[in-house]
Amino acid sequence: FNFILAVFLLVFKREDIHARCIVRNSELLLALKHHVISLAVYLSNCTRLVCLLESELFGYEAGAFTGASSKGKMGLFEAADGGTLFLDEIAELPYELQSKLLDVIETKTFMKVGSVNRKSFDARLIFATNADMNRKIQRGQFRKDLYYRIAVLTIEVPSLREHIEDIPLLARNFVNKRIITPSAVDKLCSYSWPGNIRELKNVLYRADAFCSGEEIRAEDITFC
C-alpha cells in the first residue's frame with residue numbers, strides 16, 4: 001500500500017475505547033500484523049519515561065543506555081513494518097519526540113536509540129486522540145506541521161450520547177446471557193452518558209451481577 005495514503009487520525013469525543021475496537025476489528029487489518037500502544041500509559045507518571053517511550057517506539061542498540069539489554073531491542077516501528085502501528089493518545093506525545101515522529105513520517109526511516117544508521121519503515125499508521133488538537137496547537141503543546149501530516153484522513157467518532165440508537169446493540173453485546181427488557185433499554189437511552197462506553201459497560205455489568213432473574217429490568221439499571 002502507499003505510505004502517504006496510510007496515515008489516519010481518529011478523533012474521539014471523550015472516549016478512546018472505540019479506537020482499540022476499530023483497530024482490532026477492522027477488516028483492513030485482519031491480514032496484517034498490527035501493534036497498539038497507548039502513549040498515556042508511558043507518560044502518566046514522570047518525565048524520565050520519555051526515554052522509555054522513545055526506546056519503545058524506535059528500539060535501541062546494545063548498551064545504548066544504563067540498564068539497556070546487551071542484545072538491544074526491536075522497537076514498535078520496526079516490528080510493525082509491513083503492517084499497522086496504532087498510536088493511541090497521540091496528543092500526549094512529548095514535544096521533544098514530535099519532531100522525531102514527523103521525521104519518520106516524512107522520510108519513512110527511523111533510528112534506534114544509540115544508533116547512527118537509519119532503518120526503512122513502511123506501514124500503515126493510525127493515531128487516535130480525544131483531545132482538542134487545535135487548542136493543543138494554539139497552546140504550543142503540539143506541532144502544527146505534525147498535526148497536518150498525521151491528519152491525512154480524519155475520522156471523528158461521536159460520543160455515546162450522540163448516537164443513542166446504538167445503545168441497544170451495545171447493551172446486548174455487553175450482557176449476552178440475559179435479556180434486556182424494553183423498559184431497561186429506554187432507561188439506558190434516556191441517560192446522558194458522561195462516561196461514554198466505559199460507563200455503559202460498567203452499568204450493565206453491575207445490573208447483570210445484581211439482578212435476580214433472567215431479565216435485566218429498568219429497576220436493575222442504576223447510575224453512579
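Trainee: Is lysine 136 buried or exposed?
Mentor: Lysine 136 is buried, as its relative accessible area is 17% and the cut-off for buried is under 20%. Keep in mind that this is a predicted model.

Trainee: Which residue does lysine 136 form a salt bridge with?
Mentor: Glutamate 92, and the closest N and O atoms are 4.0 Å apart. The two come from distant parts of the chain, 44 residues apart: lysine 136 sits in helix H6 (residues 133-138), while glutamate 92 lies in the loop between strand E5 (84-88) and H5.

Trainee: And how accessible is glutamate 92?
Mentor: Glutamate 92 has 36% relative accessibility, so it counts as partly exposed.

Trainee: How many salt bridges turn up in the whole structure?
Mentor: A search finds 11. One of them joins the side chains of glutamate 54 and lysine 100, at 2.3 Å from N to O. That pair also links distant parts of the chain, with glutamate 54 in helix H3 (residues 49-58) and lysine 100 in helix H5 (residues 95-107), 46 residues apart.

Trainee: Which of those counts as buried?
Mentor: Glutamate 54 does, because its relative accessibility is 16%. Lysine 100 is at 34%, so that one counts as partly exposed.

Trainee: What does glutamate 56 pair with?
Mentor: Lysine 73, with a salt bridge of 2.9 Å from N to O. Here glutamate 56 is in helix H3 and lysine 73 in strand E4 (residues 73-74), 17 residues apart. Glutamate 56 counts as buried at 15% relative accessibility, and lysine 73 is partly exposed at 32%.

Trainee: Which residues are linked in a network of salt bridges?
Mentor: Glu78, Lys112 and Lys119.

Trainee: OK, changing topic. How many residues are in the largest nonpolar core?
Mentor: It has 30 residues, and those with the most contacts inside it are Phe77, Ile90, Leu101, Phe127 and Phe142. H5 gives the most, with five residues. Other elements that each supply at least two include H3, E5, strand E8 (124-129) and H6.

Trainee: What about the second core?
Mentor: The second one is separate and has 19 residues, among them Phe174, Leu204, Ala207 and Ile221.

Trainee: Which residues of H10 are buried?
Mentor: Asn196, Ile197, Glu199, Leu200, Val203, Leu204 and Ala207. They cover an arc of only 165° around the axis, so they lie on the same side of H10.

Trainee: Why would residues spaced like that point the same way?
Mentor: An α-helix has 3.6 residues a turn, so residues three or four places apart point the same way. On the other side of H10, Ala209 and Phe210 are exposed.

Trainee: How far does H10 reach from end to end?
Mentor: Helix H10 covers residues 196-210, and its first and last C-alpha atoms are 22 Å apart, close to the 21 Å expected.

Trainee: Last one: what's the average pLDDT for the chain?
Mentor: It averages 81, and 78% of the residues score at least 70.

Trainee: Where is the pLDDT below 50?
Mentor: Residues 26-33 are one such stretch, which has 17 contacts in the model beyond near neighbours in sequence. Residues 41-48 are also below 50, with 10 contacts counted that way.

Conventions:
Residues numbered from 1 in each chain as written. Predicted model: local features only at pLDDT ≥ 70, side-chain atom pairs only at ≥ 80, totals over all residues. Heavy atoms only, no water. Helix = DSSP H or I, 4+ residues; strand = E, 2+ residues; numbered from the N terminus. Expected span 1.5 Å × (residues − 1). Buried < 20%, exposed > 50% of the residue type's maximum accessible area, 1.4 Å probe, protein only. Arc of directions from axis to C-beta. Core = buried A, V, L, I, M, F, W, Y, C linked by side-chain atoms within 4.5 Å. pLDDT = per-residue confidence, 0-100. Contact = heavy atoms within 4.5 Å.
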